[in-house]
Amino acid sequence: MSEWTERAACSGMDTELFFPTSELHDAGLAKAVCEECPVRQDCLEQALRNRETDGVFGGQTAAERRAMARKLGIPEPRRKKADR
Ligand code: SF4
């Protein structure tokens, strides 16, 4: 665990909030928490580095992070055969 994670606004919160699965449980609540998080940039950078494929990290959904990675020239993660 990184030192910055101890200062995360989501510390102790229900992790399901950050893995939205439906319209009713969309990413808006998680993004609102991230908006106020003092370690948002660290979180986003780690998610990009680790190629997190799900969930909200650093205030960005997985799709938003993929778009950001493309703009930054970060290569797509290699997919396993089972993921194709
Ligand atoms: S940016 Fe969001 S997901 Fe990342 S540590 Fe902060 S609150 Fe948690």
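The following is a dialogue about a predicted model and the terms used to describe it.

Visitor: What counts in this model, and how are residues numbered?
Guide: Residues are numbered from 1 along each chain as its sequence is written, and side-chain values use heavy atoms, with hydrogens and water left out. In this predicted model local features need pLDDT of at least 70 and side-chain atom pairs count only at pLDDT 80 or more, while totals for chains, interfaces and linings use all residues.

Visitor: How many helices and strands does the protein chain have?
Guide: The protein chain has three helices and zero strands, in the order α-α-α from the N terminus. Helices are DSSP runs of H or I with at least four residues, strands are runs of E with at least two, and both are numbered from the N terminus.

Visitor: Where does the ligand sit?
Guide: The ligand sits in the largest pocket, which means that more than half of its atoms lie within 2 Å of the pocket's grid points. A pocket is an open set of points on a 1 Å grid over the protein atoms alone, where a 1.4 Å probe fits, with protein on both sides within 12 Å along at least five of seven lines; lining residues have an atom within 4 Å of a point.

Visitor: What is the volume of the largest pocket, and what lines it?
Guide: The volume is about 430 Å³, taken as the space filled by probe spheres set on the points, which are joined across faces, edges and corners. Of the 25 lining residues, the closest to the centre are Trp4, Ala8, Cys10, Cys43 and Phe57. Helix α2 gives the most to the lining, with four residues.

Visitor: Why is Cys43 called buried?
Guide: Buried means under 20% relative accessible area, exposed over 50%, and partly exposed in between (1.4 Å probe, protein chains only). Cys43 has 19%, so Cys43 is buried. Cys37, at 15%, is buried too. Of the 84 residues of the protein chain, 29% count as buried.

Visitor: Why is Leu29 called exposed?
Guide: Its relative accessible area is 56%, so Leu29 is exposed. Leu29 lies in helix α1.

Visitor: How many disulfides are there?
Guide: A disulfide is a pair of cysteine sulfur atoms within 2.5 Å, and by this rule the count is zero.

Visitor: What stands out about the phi of Arg51?
Guide: Most residues other than glycine have a negative phi. Arg51 has a positive phi of about 55° although it is not a glycine. Arg51 is found in the loop between α2 and α3 (62-72). With a relative accessible area of 31%, Arg51 is therefore partly exposed.
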